There are 2 protein chains.
Amino acid sequence: MDFSSFLTSLGTSFVIFIVLMLLFTWLSRKPGNSVVYYPNRILKGLDPWEGGTRTRNPFAWIREALSSSEQDVVNMSGVDTAVYFVFLSTVLGILVLSGLILLPVLLPIAATDVKLQTTKSNQTFSELEKLSMANIKDKSPRLWAFLIATYWVSFVTYFLLWKAYVHVSGLRANALMSPKLKPEQFAVLVRDIPPVPVGQTRKEQVDSYFQSIYPETFYRSMVVTNNKKVNKIYEELEGYKKKLAHAEAVYDESKRTGKPEGLRPTTRTGLLGLVGRKVDSIEYFNEKIKELLPKLEAEQKISLRENQQASALVFFTNRVTAASAAQSLHALMVNTWTVMDAPEPRQIIWPNLKIKFFERQIRQYVVYFIVALTIMFYMIPIAFISALTTLDNLKKLLPFIKPIVNIDAVKTVLEAYLPQIALIVFLALLPKLLLVLSKAEGIPSESHAVRATSGKYFYFTVLNVFIGVTLGGTLFSTFKSIEDDPNSIVKLLATSLPGNATFFLTFVALKFFVGYGLELSRVVPLIIFHLKRKYLCKTEAELKEAWSPGDLGYATRIPGDMLIITIVLCYSVIAPLIIPFGVVYFGLGWLVLRNQALKVYVPSFESYGRMWPHIHTRIIASLLLYQVTMFGYFGVKRFSFCTLFLIPLPILSLLFTYVCRKKFYRSFSNTPLEVASFELKEIPNMEHVFRSFIPPSLSSEKADDEQFEDALSQVSRTGSFA
Amino acid sequence: MDFSSFLTSLGTSFVIFIVLMLLFTWLSRKPGNSVVYYPNRILKGLDPWEGGTRTRNPFAWIREALSSSEQDVVNMSGVDTAVYFVFLSTVLGILVLSGLILLPVLLPIAATDVKLQTTKSNQTFSELEKLSMANIKDKSPRLWAFLIATYWVSFVTYFLLWKAYVHVSGLRANALMSPKLKPEQFAVLVRDIPPVPVGQTRKEQVDSYFQSIYPETFYRSMVVTNNKKVNKIYEELEGYKKKLAHAEAVYDESKRTGKPEGLRPTTRTGLLGLVGRKVDSIEYFNEKIKELLPKLEAEQKISLRENQQASALVFFTNRVTAASAAQSLHALMVNTWTVMDAPEPRQIIWPNLKIKFFERQIRQYVVYFIVALTIMFYMIPIAFISALTTLDNLKKLLPFIKPIVNIDAVKTVLEAYLPQIALIVFLALLPKLLLVLSKAEGIPSESHAVRATSGKYFYFTVLNVFIGVTLGGTLFSTFKSIEDDPNSIVKLLATSLPGNATFFLTFVALKFFVGYGLELSRVVPLIIFHLKRKYLCKTEAELKEAWSPGDLGYATRIPGDMLIITIVLCYSVIAPLIIPFGVVYFGLGWLVLRNQALKVYVPSFESYGRMWPHIHTRIIASLLLYQVTMFGYFGVKRFSFCTLFLIPLPILSLLFTYVCRKKFYRSFSNTPLEVASFELKEIPNMEHVFRSFIPPSLSSEKADDEQFEDALSQVSRTGSFA
């Protein structure tokens, strides 16, 4: 890519961004769109436009983002989001501090050297490459400046990461010691409960066990049940309720628009309402609901009595006991009665709770193994699928597409793109696949599954996108030489780096201008919302579902950002010109997402910043990759003796990780007691705490308290109270 | 070593054992020796001879040992000793079960093959070697039997180790849930307390911190002080008290034996009582004591007020809270307010308590590094010292030895043995050195330090004695070939093994006959005791000190046994004849030590079986070494394809370790709450619990309660009570 085409691409991206921003300013002012641009505020019961004024200024959202405080973010979107902003601003800080030194020092040094001009002229070099280390002659003493720059970037990273870890620890502690009642702070999750002794029920077993250990603070327990059947009936019921509301809305509308007596909507009783007998919708759905209600209640009772599993939630009357119980070994056999912090009710993955200790271990390793295979050999199944999905095969499998495919133009295009389509589909499905795999590990909470997915996806992106693109086709052809000398992969990576600098510059620019432009303008959700509103939604509930904004999606967002950090760090010294691009990426990202976090996205769980240690480790992993690459690159420059000065850097990074892990990590995986011992504003309503953990499919329609008393708590109430 | 000299050596050892056993039967019957042969019973206030009859039967002690139950051992010598017997009987079981299959099957198979007869006849082979795998021809199908035997030994080991781990867990749990009051179960050790806030004392800081977390169960705290000065004065004082008692006893005796008015003993005031002014001993010591008493009291107050350190013992009113607190994270910063189980008062290593979190980490790694160097290169300092301690150098340094050394005979002997003497001195001092190093890690309790020492010593013995002797001189000459191919060390070890079988047979036999003979007869302690009684001891206290038996000495005893296991396991299949020797070693050891544990040794600490996981791991390490060696040896036998069948074994061992660690380990490093929640016989006297932790140098002579109230507890008493 030469310099002019680079500038063209940059310019185009910028224009797209400006257009999208103006679109945003225009669209977000329309009241009909407020549910797309301000759903978080609306759901919190706030006025979409703060202060009530709608501005025409296309930069107003920037002012608002800048003037918002961290506390605003915590209030509007939770600690996890605030931690994500700490991440963004930390990386921004690293890049700004690095750039302030590297740009004014290294660019002139590189530009005034002459290596590229003196080498054989059958190659052409862009202006950009002349500003990079590629232009420095081998063994030149100028390399010392680059060596010191390598250290500078590393130390800036250590310093800011340390500060960020301290800050996030404080954020987490503040949230955990908040005087507001959080049900999960009073509960622990108990798994691997041994078989029920003869003559006792599961409930009695759990109650008597915890009663004897915590005679004063034990409140009661809730045995986890297998709710598969109940859930099915419940979902069916909820589906009919929605359909009934829809049918009623249609009927009402027909009264208003058509004949005054209205047109009663009809439906078919068969598959998807498409086949079968035609019936009156309202009557039919009402009938179905009446039929299912007693069935649900009966099934609820069966579930609660007979589908009890070897897992329970145990409730305590104070936070310190719960926090301490979650960290303590309870049983002599470590793989029984394992206790951990209870996740928030909304993010419990119920079916995973029953999985046994060693099964969890085995599942984990099996999943790691599968993921490792996926990361390393993901091309193989894709190639296999593309081979299967040749046009001829497709025609055999799906005969009805024959007429279309036989058109010459379509045929050519399809034949050319089928493998790429397979790849695109695979890449789009990958995060979902990784999430499914992570859940299959037996992880009990959504937030943990998202963290696990994010980690897996990070390694996939860095290995395949960054290293894959850099080494490109050369890797396979030189596979033999790598096999002989595994160190040569570092060297190979190092030699391939400068040539790809321009590609990555463009990549980063595209990501921030187009990516963040789309993010801010929310064009796609807007269109989908309006289509749904027009053609599908009849009731309020359906409308609400149509604009429901979702959460920030950490599982893919963080690995995406991490890829940019890896690229920018690895090139920071080799081609310092990449730093401003990184700064814009994270600066613009901070602004756009601040806007989105305050106004759009609604977090689907709160893990009180437990994402941070994972982010921290991955930034260090990027830094390590950078340091090793630099070591290789200095070797390529035949700066041999002085290259040795780089050896302390990876060691320092590992040491830094070790110290951080020892000093901070445990307070992220457990709740420190000094934090849990802060007093609550009011005496907790334990009944409310307990009830918030009852899954919706089990909670009674009739708010009949006694049902749960009998089914969930089979010991007498006095027995389980202190 | 040929067969006849092997039998001679075996016979001699056996005769020595019989003589020592008869000596024991004769000596232990004399009432004057009862303090040497029955100190544990005497200290427990029991009659030395159970039932009051003294038998002449030389096998009576065996009957007594066999009829004693595990509970007897726990009662007389604690859980640690009982665990040691579990270890002995487990290994015994492994060897017996292996031997039952291996001996009748493998010996005939080996004896009927002909490899050794057919090889070139310039080598001679003993009868023993004909019974080993060395006699099997290469690639012979008979090797299958040996391969299956290798599996049999491994599975027997897994099975019995698993059973033992379950059993020891139960032993530990029983001891921990005992209704008897154990002060350490009510306390936790807090280290890394942050600097004292302005306006608070250390005591207030600790009290308010734990008061707020445990408002109902916190009792009070004891800030650890730097007692260096106090200890010095206290020891001086105790020394003078002993000397005074001694002098008074001498004076009394002189009254009885000599003149009726007696001869007042005198002493000199200078160094060691050898130089200086001559004074009346009784007066002089009395004076010194009077002088030191107020000094001690003053220093005690200073210590308690001014030498407070960033560490404390915190007491709770129930066991569950203490056990749970010891496992919970208290502070947001993980390296502050670190909490762990309090060790028994008698085994706390006070000076280590103040060492900070990261300093402990650094110390640990530094110590590991030093130990690794010591293990690998211990010959270097010894060679260096031997080079320095040539006769000429010694003559220069210690001129007074010249006349002796110049005698020709002495000179020759000394010149020949000086290097060996240096080695022996080093080996004798090594456990002490390792103990000092382990304590330097910052370990807070004696039992932990002993475990750490035992581990280090194990690796030293196995690496240097077993592998060292096996490879012998060949290692250094073939060092080049190892450097080229690290795998060849396994092969080298394998080829060297059969030749050394006879050496190790003799070694094991010597260890059990002579070693256990000396152990049982206690000849050395007996002689020392009688010498001391005759010439040194005048007072009861001095006498008691003279026969004080000490403990079992796990730090060296367990590595010693482990060396035998390693040898026997590694040879079990190659030369199955070693198994009976192993059986006798552990059988005889069990009998002799059962006798010693019940009657002689007094444990100096109780760690409730925390030694077991370490023993377990090391047995597995021996097993791994055995499996790898067998893999190498089958390779040497060119049993190439079938050798691959051995690869699953080391993997199985690692898996077994992993599962055991996950299932059992944590209940050894922490107290499970279900165990701690058992009820005590009586309501604990918390004042007594608290006082038992006051170091002797700080406890007041005058039993003046108020002193400690003021000094140790500077907050008002009401403040620190719930």
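Across the interface of chain B and chain A, 25 residue pairs are in polar contact, both residues at pLDDT 80 or more. A polar contact is a pair of N or O atoms within 3.5 Å; within protein, one must be able to donate a hydrogen and the other to accept it, and residues adjacent in sequence count only if both atoms are side-chain atoms. This is a predicted model: local features need pLDDT of at least 70, side-chain atom pairs count only at pLDDT 80 or more, and totals for chains, interfaces and linings use all residues. Side-chain values use heavy atoms, without hydrogens and water.

The rule finds 0 salt bridges between chain B and chain A (a side-chain nitrogen of Lys or Arg within 4 Å of a carboxyl oxygen of Asp or Glu). Several elements of chain B give two or more residues to the side that touches chain A, among them helix H8 (143-176) and helix H29 (648-669). H29(B) gives the largest share, 8 residues. Helices are DSSP runs (H or I, at least four residues), numbered from the N terminus.

Now look inside chain A. Val462(A) sits in helix H18 (residues 446-471). Why does Val462(A) count as buried? Because its relative accessibility is 9%, and buried means under 20% relative accessible area (1.4 Å probe, protein chains only). Beyond its neighbours within four places in sequence, Val462(A) is in contact with Ile467(A), Leu563(A), Thr566(A) and Leu625(A). Contact means heavy atoms within 4.5 Å. Pro559(A) is 97 residues from Val462(A) in sequence, yet their C-alpha atoms are 8.5 Å apart.

Notes:
Residues numbered from 1 in each chain as written. Chains lettered and ligands numbered in written order. Buried < 20%, exposed > 50% of the residue type's maximum accessible area, 1.4 Å probe, protein only.
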